[in-house]
Amino acid sequence: MTCRSARRQMADLFDSAGVTDAGAELRAHLGLCGACATEFRGARDALASVEPLQRVRASLDFKERTMNKLAEQLSAVQTARPRVRTTPFRRLAFMVGAVVALVLALPYLGTLRTNHGAVTLLAQSVQAMSGIQSVHILARMRTHRGDNFEFIGAEYDFQPVEMWKEFGAMPRWRVENPGRVVVMDGTQSTLFLRKSKEAVRGGRNAGFVEWLGPLLDPEQVLTAELKAAQKGESRASLRREGGRITLTASRKAQGDFVNDWGRNSSVPESDHTRVYQFDAATNRLTGMQVILHDGGKDVVVFEIDDIRYNEPLAPELFTVALPDDVIRDVPPEVMPVNRPIPATARDAAVTFLEGMAHRDWDQVLMVYRATAIPEGLKMYGGGLRVISIGEPFQSGLYDGWYVPYEILLADGTRKKLNLAVRNDNPAHRWVQDGGF
Amino acid sequence: MGWTMPLTLQATLEAEPVDTAGRWPQSPAEFEDLVEAVQDELVHFAFCRLRSLEDAEDTVQEVLVRAYLEREKRRAVTGVRPYLFRMVANRCSDVLRQRQRAQRRRDPSAPADLAARIGPESPVDRLEEIERLLMRLPERQAEAIRLRVFGCLPFAAIAEAVGVSLPTIKSRFCYGVERLRGILTQEAKL
């Protein structure tokens, strides 16, 4: 290597892409040539003069703030988007007839018990939906970050929720929020919790997406609303404004509540109003809001920002790549028996909390349905001190039991909550189901 | 005689994360993964330019959110990480220009309102000194050095970020370093 080519290639020594053959040759040259070695040292020293003294890192809550900012921006974008859509003339003319039928029916729409207008809307909507190949829903929901798709709370910020469904002989869908993703690949569902790396598999209708599931079939939503109204479970009304038709359905909270625990923690367990919007020209669902009525306050807890029909969906959407160190779900019938099996809801809570207290993960696995305890859970609850464990109770729509408990975490934080446990599985084995 | 990278640079490079290649995020979950993967390096890069952690985080947040909102437009982008560095670099330049304008309006003689200084050798003072040196280089050469030293990007990624060929970016880097040496030598004589 000549000195000229060595100087030309000297940048390679400051690259991080790995040592190349040319780089090795250059190093050999520098070992032999004093002039080039001096040149290199000079360049190295010059670069050292622009080297910062320290590396900073993003704040701990940076990601959370960014996700919240994104949710705000998505909302703003949606608000600014024009709602009027252009429609080919012939189709518009056809649809005007349908809208007129609805308008004529409006005076009769106090409830939908014998409501021809609603039936007309339903029929037209189902017809409109039948031509759909895919649906992509962008929504947001007030919930605790990283929680499941059921839990809501008026006091929480909005978190984005996104849903895709591909119709056809073997429908496939995907629902995800920042903490978890559920994929149904046509034959089975997989729930994956990103942070704790836990995966649970189930059938086509494993219930992982709870009340959101029906939204993936817009025509089923309408059917369900009509049936609810006909059975007197809701009060519904229709109104038309310009090119939009709005169906409003108000429902009372379902479930038995011995106390307020669980009330307003999910859409079905709260007094709420669902507001559906349809495009009058196409009868397609274009938006939805869920408004929670909590005392004197009305709070929007769920809102669809956009529904995109017949968008091409990538096949990868319907797969989920699980990491090598994934923690898998264990069916209750094959859960380990390394301690006495808890016989009651309270026993299950004691097993779980005392296992956490003693960092006895084998004991925790007696009631925790997984191949291993996630590291995050160990960090959070390991070494806790149990202050009290109360008597189990049932509340709302939940089929399991809540066990009140009070603990002192290792970092000194005091927590007073209700552990959710259930045994409504084929093995009747008590398992921890949330609330920690 | 063995030749290695300068110790400080090497230490930084060892901590370099895996390149965030692949497609532009198309869902909130993908976006969250991306934020997790790039937040520290982008914030550090912006901090080196802006010398204020708060401004650096605001800038990076703005860029990341825009990156997601414009996901349709950028679907075809494959080198996500270099592209984000480029977006952050551009936004930092805008912020610095806004600061200069505000500074001129306020009081041309007052010092810039930056992060609190800890002492004469504080990291912020050092960054100010670095920026003073780099400002004396042609902007393209300074940009190549910033992306290499602050962003820890390999030259191939810098070339992708800047939109030029690999030999061009190496050449800019070398000329920049050479000129920097000249400036340092000149200042040492004074």
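# Briefing: a sheet, a helix and a chain contact

A:Pro404 stands opposite A:Asn418 in strand S17 (414-422) of chain A. The model is predicted: local features need pLDDT of at least 70, side-chain atom pairs count only at pLDDT 80 or more, and totals for chains, interfaces and linings use all residues. Residues are numbered from 1 along each chain as its sequence is written, while chains are lettered from A and ligands numbered from 1 in the order in which they are written. Helices (H or I, at least four residues) and strands (E, at least two) are DSSP runs, numbered from the N terminus.

**The sheet of chain A**

- Four strands form an open sheet in the order S14-S16-S17-S18 (chain A), with antiparallel pairing; two strands pair if DSSP finds at least two bridges between them.
- S14 and S18 of chain A are the edge strands, each pairing on one side only.
- From one strand to the next, the twist averages 45 degrees.
- S16(A) and S17(A) run antiparallel and are joined by eight bridges.
- Four bridges pair S14(A) with S16(A) in the antiparallel sense, and A:Ile389 stands opposite A:Tyr405 in S16(A).
- S14(A) lies largely in the open, because the number buried among its five residues is zero. A residue is buried if 20 or more other C-beta atoms lie within 10 Å of its own, exposed if 12 or fewer, and partly exposed in between, with C-beta atoms placed from the backbone.

**Helix H8 of chain A**

- H8(A), residues 345-357, has 13 residues and reaches 18 Å from its first C-alpha to its last, close to the 18 Å expected at 1.5 Å a residue. The expected span is 1.5 Å times one less than the number of residues.
- Buried residues of H8(A) include A:Ala345, A:Phe352, A:Leu353 and A:Met356.
- The buried residues of H8(A) pack against helix H9 (361-364), helix H10 (375-381) and strands S14, S16, S17 and S18 of chain A. Two residues are in contact if their C-beta atoms, placed from the backbone, lie within 7 Å.
- H8(A) lies across S14, S16, S17 and S18 of chain A, running at about 165 degrees to S14(A). Axes are lines fitted to C-alpha atoms, for helices over the stretch in contact, and angles run from 0 to 180 degrees between N-to-C directions.
- A:Arg359, which follows H8(A), has a positive phi near 50 degrees.
- A:Lys378 has its place in helix H10 of chain A, and its C-alpha atom is separated by 7.5 Å from that of A:Met356, 22 residues apart along the chain.
- A:Lys378 is partly exposed, because 15 other C-beta atoms lie within 10 Å.

**The contact between chains A and B**

- Chain B gives 50 residues to the contact and chain A gives 42 residues.
- H2(B) supplies twelve residues, the largest share of the side of chain B that touches chain A.
- That side of chain B has 35 nonpolar, six polar and nine charged residues. Ala, Val, Leu, Ile, Met, Phe, Trp, Tyr, Cys and Pro count as nonpolar, Asp, Glu, Lys and Arg as charged, and the others, Gly among them, as polar.
- The axes of helix H3 (residues 34-48) of chain A and helix H8 (residues 166-189) of chain B come within 9 Å and cross at roughly 80 degrees. H3(A) is therefore roughly perpendicular to H8(B), a term for angles of 65 to 115 degrees.
- A:Gly42, A:Ala43, A:Ala46 and A:Leu47 in H3(A) meet B:Val177, B:Leu180, B:Arg181 and B:Leu184 in H8(B). The residues of this contact divide into six nonpolar, one polar and one charged.

Definitions and conventions
Angles under 35 degrees count as roughly parallel, over 145 as roughly antiparallel, 65 to 115 as roughly perpendicular and the rest as oblique.
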